[in-house]
Each structure stands twice: as C-alpha cells, then as structure tokens.
Amino acid sequence: MSADPFLSDPFAAPRAIGGRAPDVMKAGGWLPMKQHDNNEEVDFVVIGTGAGGGPLIARLAEQGFSVIGFDAGAYFRPLEDFASDEIEQQKLYWLDERIIDGANPIRMGGKNSGKAVGGSTVHFAMVSLRFRPEWFKSHSLLGYGADWPLDWREMWDYYARAEKALSISGPVRYPWGPKRPRYPYRAHELNGAAEILARGAEAMGYQWTATPLATVSAPHGDSPPCVYRGFCRFGCSTNAKQSQLVTFIPRGIAAGAEIRDLAMVGRIETGPDGRATGVHYHREGRWRFQKARNVIVAGYAIETPRLLLASANDRYPDGLANSSGLVGKNLMTQSNQAVFGVMDKEVRWNKGPPSLSITEHWNYEDRKDFHGGYCWMAQGPLPVEWATIVAGSRKRWGAPLREEMMRYNHQVGLKMVGEMLPDERNRVTLTDEVDQYGLRIPRITYSWGDNDKALIQHALGEMERSLDLVGAKDIFRQEDDTNHLAGTARMGSDARSSVVNADCRSWDIPNLWICDGSIFPTMGGVNPSLTITAISLRTADRIKALAKRGEL
Amino acid sequence: MKNDRPTGDIATALSLVTGATILGGIVLACRKPHVPVKKPQATVAAARRLNRAAGTLAASVLIDSAIEHYRGNFHNKAMITPLVTASLSLAASLHGTADSKGEAHVIRDLIYAGAGLTGLVGTGFHIFNISKKPGGLSWQNLFYSAPLGAPAAISLSGMLGFLSERLRDSHPDMPPKILGIPAGRVIGVMTSLGLMGTVAESGLLHFRGAYHNPAMYLPVTMPPVAAALLGASALGPIRRHGRLTRWWLRATALLGFAGTGFHAVGVARGMGGWRNWRQNLVDGPPIPAPPSFTGLAMAGLAALALLEDHPDD
C-alpha cells in the first residue's frame, strides 16, 4: 500500500484538491483539475453529482461555463476502494440520521440514496429503462397523478443520448413502446435466475427481454467488459459499470469543471434582489461560502427539499422556491415487493448483474382495476442481503435460517418495481434535531394508499403465478420492501401547482434550478435513473439556449 | 442432484460419426483404384496446398473448440468430439502436405470424411442447445448459446481435405475433375461459400461486440470481396480478374493472422489484461478463430492456380 494518505482513506481528507482529482480508471492516477476561489463568482454550482448533477456538470463545463460540483460523499477509486464485501460497501450509502414515520415508513439506505461522488449511480443496479410515453401525460391520458410539462417525443431523443453516453447494453429489439434506436452495446448473457423469469413469462404468455443495463458487454474506453462478479448493487471494482463516477464526472473535469468531495452544502444564500448568490458548505472542518451566479440543486428527493427548506430566510420564510407550498410534498417511492422460491436445479442467482431479464407487461397493459404500472425483474441478492430477507420478512432464525441459507444456490426470485401515486401527505419536513454538520434532520413521512396496496397485491399474485409455472417450490412473498424515490419538488406548467418549470428552473428564483428525481410529478413503473439523466441532459441544452438569448 | 446431462445424445452423436465414417471407409476401400502413374506436378501441388489449407482450418478449430468447450466445462461428453476430429484432420493434413504421391490416401480420406460429418452433427447439437433456451432462435441465444456457425469450420476443413484427395485421384491424362466438373471450379465455389459462412459467423459475433473497434468491420468487408472475386472466377471466365483475385485472397490470408493479433489486443482489454490470462483468454475474443480466414484464402489460392493451369474457357 502507498503511504500517501490520499490513496488510503477516501474519508480522511478531500481527494479532489490541489489542482487534481482521482483518475478512477488508473490505480493511483490523477487528473488535472481546474479549481476556483470561494470569492470567484462561478457560473454554476451544482449540489450533488449523481444522475441529475453529473450530466449537468459535464455538459455545462463543455459549453464553456465555470462549474463546481459539490458532493457530501467521498471521491472513491473503484479499483482500490471497493472490497467484495456487502458490509464494507455500505460506505456508499447515505446513512446519516433521519426520522422516518407514517403508516409505512421508508427504510433509508442503499436502495434509495447514495453518498459518494457519482451519487447513487456508484451502487445502483444499472437498470436503465425508459418511461412509457403515456406516463408523461398520465393525468390526461391515464386518469391519475399529474401531467409532466415535457413531451415524450423530445424525451425519446434525450433518452437516446443518455443511453449513448452511458453505453447501455440492451436487447436488439425492445418488446414494448414506440421504436427506439439500437442500444449502443448488446445485451448481456442471461444467468440462471434471468432464464427462470423468461420461462415464467413465456408460460404466462407475456413478453420478456434482456434488461438494458449500464454495464458494458464489450470494452468501452478504459472500461473492460463486465466479468459477472455479481457485486453490482455495490461499487463495481472493475469499472464496467457506467456510473456517473466513471462517465460524466471525468468528462466534466476534462472540460474544466471542479469537483469538491466531502463538501456538504447546508444552505443556499439569497441576495437583496431575491436571487441566489451562492452556497454555504462544510469542508475540511469548517463552513465556507462559494459565490455563484446560478445554483442547481441535485440532491435527490430527501436532500433537495431538506436544503431548500433549510435555506429559509426573511424573504422566503417557507424555504426557497416554495411559494406553491409544494417543496417536500408528494414524496413517492416504488413498491419493491418480491416473491421467492426454490428450484430443484442449481440456479446460482448471484452470478452476473442481478436484474438481467425483465417483463414490462403490466406497464403497458391497462386492463386492470388500479392506476399505475409495474415491471418485475430477475433477482440475485448476495448472502447477507438474502439472510436479512429470510430473517426479516420470513421470520426464520436459528436452525431454520441456517437450513434456508443452505439452499442459497437453488433459490430464485422475482422483484417488482411498481409505481406509487403522488400524495401530498407523503412528505419531507425538517425536525429540530441536528446532525453531525449541525443541520436540521429531515423527517420522512410515508403511507401507502389504497391504489398502491392494490397494485402490490396484483403484482405479488402475478409473480407468484410465474414462479409456480416454472416449478418453484416453497414460494414465499416479501411484502415490505420499497426502493427508488421521487417527488418533493415537482415540475409543472403552472407556478401555483409546481416548484420548477419544464427546464427545471424554479418559478420563484430565476437562478435557482432543481434537477434530480425530486422534480418527477409521477413515479412511473420503471427505475428512474435513466429518466433523471435524460432530463439533466435536456436541462443542459435548455440552459445553453437560454444563455444564448440572454435569459439566464 | 439430478444429472440433467443429455447422455442419450452423446451415444447418438458418436454412433452417427463412427457409423458414417466406417461406411465411407467401406465405399472408399471398394472403389476402383486409378493406375498410379506420375501426375502433372501442378495437380499434386494444388492438392498439397489444399491439405495445408485444411490443416490451417483444423488447427484453428482444434484450439478454438478446446478453449470454448473448456469454458463450457465439457458438461456434455460429446464436446470432446471436435478436439479429436480436428486433431486427426490436422495430422492428416500434415501428412498430406508432405506427401507428393499422386494418389489418394484411404486413412486421410476417412479422417476428412469424419471431420466433415462431425461438423454437421455438431451443428445439430448447437441448434439443439439453442432450441432449449427461452426465446428460441433469438439474437440473445445466437449471441450466447452454442455458436451456430462454429462446427461448420471443421466441416470445411474436412471438405477441403476430401477435395484434395479427389484431386490426387483424378485421371492422370486429363485436367483434374471432380464429379465431372473441372476441379478448380468445384474447389473455388465451395471455398467461396465457406468464406461467406465464416463471414456470417464473425459478423454475428462482432455485432455482439457492438463493433466497438472499427477494425471489427474488416472481416465482414474484406473476405466477402474475396469470396465474390473467387466465386466469379470459379463460375465464369478465369483470366479477367485473376491478378486482383489472387492479391485479394493473399490479403485475406494475412487478415486471418492479423485478426489473431487484434484479438490478442482485445484480450488485453479485459479486466486485468494478459496478467489475468486464465480468465481473459477464455472470455475475451477467441484468439485462434481468425486464421480460419487464412485457411480458406489458401484454398482459394489453390483453386485459382488450378483454374489458371487448366483453363477450360
């Protein structure tokens, strides 16, 4: 090991400092990085470097703007920092203290938040799906939720750009929705668990396909093809995973952007004219202030409203961008229930990425008695997670738990990603307790609605039928899980009923932007990261157009 | 654990190969031998060149199937078959290359016929493997199940060797013919078809690799031109594009070796590069595969020489 402290501990001190940032593709390597003074008024400060912030940092820098990307998390070096150990990898999650309540409190952690340069994309499961076009107008076309101010045809174009930028490996033909261009890379080989999903879907008469994933199936740049280790919902130690950390962030740095790791933004300052003037952030043991002409918040559905609410001042007593009163409201998560069973044949479900096959049948089929859609995917939880499910959801302990674990290589499962409906009572507020930075801790309140429960029951029934048809035995339902987040700063076409407009620009403060999953008016029945990336790319283009017209 | 290996299919495969080979042997042994006289040296030279081409293909198949079937853990015992037949075909080809006698050799004939059949049976196995997978004959299964086109390579080796023996067996006083057709034309057409099949195989697998390197377009652009030129010469007037065809075939032969170099670079791009050779050699691009283009180009050159030595138009 090197004696260099910057190499050994990503948490000890910031790594992106002194005119350089880690080169994630080379062990011990560095990239030259431009740095700005706190008193220099930069064009853009981006708070958060995940699926929302990453593309903006890169695209804005490439357009010639001065940009600083802040992240509270560490700047990891995948080749050196990621042990193949489920517990060790929890360092990637946002596990800061929160208070959760409501009838169905959301368990915070790996499935819905990340704390690292690259955000949750460092540990996301790489599932890269497009929304069903109708979801962008779900209120007018499907009769629930709210309409987006975006046109699906324009989004189709930005999805294609996002897929290209992330070198998505997907099937030659995607069975659902309007035509889409060919994925940049071919789909990965199916593992045993994915084949069982496929056989089940075929037995039910439903279409299935290999899942489009953000891990390359052939070399790309410095990324080697995926070697199917199966440590995918953690940090990928080979860089096959196309996270923000290995795609847009290095692109941004090459184009002149600065990244500040281990830098927690606690407050956005506004000036006498009501415009944002910069951000207060905590780095290297003290609070600092960075001046900026524009502030983009990209902290996801908990940290984004938390920051906006915590930035309340005399002029904006209810928090920034909150004249509609909607900041923090309409929090959504996705139902992530599962059905598990045992096969006679060995399956080895942990080999390869966990979600190699998918059926979106119920996202595109409207003959059902509830709103919203869902998909389900093949599963491959690693042993610690599996033990947690068996102990927690199935209440096995002691010898029965041990026996259950002995069948690990024969286990199969199907897990849904389901749409939950927006509800103003599901929300993020601030408590009076403070965290390690002295910032007020968020309270996350969540309860499932009747529609959510109906959708979950429908999905559990369908997944159980699918496993039953392929001969799985000892089937049980995991009824308590949720994953991705959205809402809390919804976009819309009216300042009274939304927080930002179609360009992710806040209605109240023209130089304050919000660009992450929190702007979703509805959740959709697919993993949200590709949609966030596509919107982020669109926002970068819109900022360019607005700047050209002098409207920033 | 239940053993779900299709043991019945191994027996079928082996008995098919063995039965057909023995049958072929009997037929060959019963045929009326030509009087062993001194053949025109050019015909024997062409036959030896075909032996060399068959040997190149056999070597490619031997190493490639050894690596790929090792990767498949030899989970079906029949997966050893191509290793045996390719080794035999390689040995027969070495023997033939060194043999300047103007007559067919019954053992070589048997081996080549066996190799040809092995490829056919292997194709059947690979189709069976694909049909078992969910999705059936889909892109996904064509990419990742047993490769549909690969066993044909050993058939091509057997075919070239078999044609070489027919060449040696031809009537001494007349231009060499096979089934009554000038030998150069037969070999030219068959080689041209073989080239196109190999192009299809590499096209499919390079599509799986998303043509991530522009060099991956070479085997789907250069050899088709060679196949077209050779096919045109074999079916039509010979002399029109003789020079061009010869040079294009030579370039294609070189491409086969260059492909090995490209694939070695591809192996280096896997995680850990060549230091991790035990994994990347197996999972990376197949290093022994591209020289099958070399083997076929060599056969094409032999056919071209025959056509030029015995112009029939």
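Biologist: How many residues does the contact take from chain B, and how many from chain A?

Modeller: This is a predicted model. In it, the contact takes 15 residues from chain B and 22 residues from chain A.

Biologist: On the chain B side, which element gives the largest share?

Modeller: Helix H5 of chain B, residues 139–144. Four residues of the side that touches chain A come from it.

Biologist: And what classes of residue are on that side of chain B?

Modeller: Six are nonpolar, five are polar and four are charged.

Biologist: Let's stay with chain B. How many helices and strands does it have?

Modeller: Eleven helices and two strands. From the N terminus on, the elements run α-α-α-α-α-α-β-β-α-α-α-α-α.

Biologist: What percentage of chain B counts as buried?

Modeller: 48% of its 313 residues.

Biologist: And what share of the contacts is between residues 24 or more positions apart?

Modeller: 78%, taking the contacts in chain B with a separation of 6 or more.

Biologist: On to helix packing. At what angle do H2(B) and H6(B) cross?

Modeller: Roughly 165°, and their axes come within 8 Å. H2 covers residues 41–71 of chain B and H6 covers residues 152–168. Because angles over 145 degrees count as roughly antiparallel, H2(B) is roughly antiparallel to H6(B).

Biologist: Is that crossing left-handed or right-handed?

Modeller: The crossing of H2(B) and H6(B) is left-handed.

Biologist: Which residues make the contact?

Modeller: From H2(B), they include Val44(B), Ala47(B), Leu50(B), Ala54(B), Leu57(B) and Val61(B). From H6(B), they include Ile154(B), Leu156(B), Leu160(B), Gly161(B), Leu163(B) and Leu167(B). By class, the contact of H2(B) with H6(B) has 15 nonpolar, six polar and one charged residues.

Biologist: How many residues of H6(B) are buried?

Modeller: 17 of the 17, so H6(B) is largely enclosed by the rest of the structure.

Biologist: What span should H6(B) have, and what do its end C-alpha atoms give?

Modeller: At 1.5 Å a residue, its 17 residues should span 24 Å. The end C-alpha atoms are 24 Å apart, which agrees.

Biologist: How do H7(B) and H11(B) pack?

Modeller: At an angle of about 160°, with their axes 8 Å apart. Those are residues 183–208 and residues 291–309 of chain B. The angle makes H7(B) roughly antiparallel to H11(B). Their crossing is left-handed.

Biologist: Which residues meet there?

Modeller: On H7(B), they include Ala183(B), Ile187(B), Gly188(B), Thr191(B) and Leu195(B). On H11(B), they include Phe293(B), Leu296(B), Ala299(B), Ala303(B) and Leu307(B). By class, the contact has ten nonpolar, seven polar and one charged residues.

Biologist: Is Phe74(B) buried or exposed?

Modeller: Exposed, with 12 other C-beta atoms within 10 Å.

Biologist: What about Leu262(A), what is its phi?

Modeller: Near 45°, a positive value in a residue other than glycine. Leu262(A) is in the loop between S9 and strand S10 (264–270) of chain A. Leu262(A) is buried, with 24 other C-beta atoms within 10 Å.

Biologist: Where is Gly256(A)?

Modeller: In the loop between helix H7 (248–254) and strand S9 (258–260) of chain A. Gly256(A) is partly exposed, with 15 other C-beta atoms within 10 Å. Not counting residues up to four places away in sequence, Gly256(A) touches Lys34(A) and Ala61(A).

Biologist: Last one, H6(A). Which of its residues are buried?

Modeller: Gly192(A), Ala193(A), Ala194(A), Ile196(A), Leu197(A), Ala198(A), Gly200(A) and Ala201(A).

Biologist: What covers them?

Modeller: The cover includes strands S15 (357–359), S16 (374–378) and S17 (411–419), and helix H12 (450–469), of chain A. Just after H6(A), Gly205(A) takes a positive phi of about 80°.

Methods: Residues numbered from 1 in each chain as written. Chains lettered and ligands numbered in written order. Predicted model: local features only at pLDDT ≥ 70, side-chain atom pairs only at ≥ 80, totals over all residues. Contact = placed C-beta atoms within 7 Å. Nonpolar A, V, L, I, M, F, W, Y, C, P; charged D, E, K, R; others polar. Buried ≥ 20, exposed ≤ 12 C-beta atoms within 10 Å, placed from the backbone. Axes fitted to C-alpha atoms, helices over the stretch in contact; angles between N-to-C directions. Parallel < 35°, antiparallel > 145°, perpendicular 65-115°, else oblique. Left-handed = near helix turned anticlockwise from the far one by under 90°. Expected span 1.5 Å × (residues − 1).
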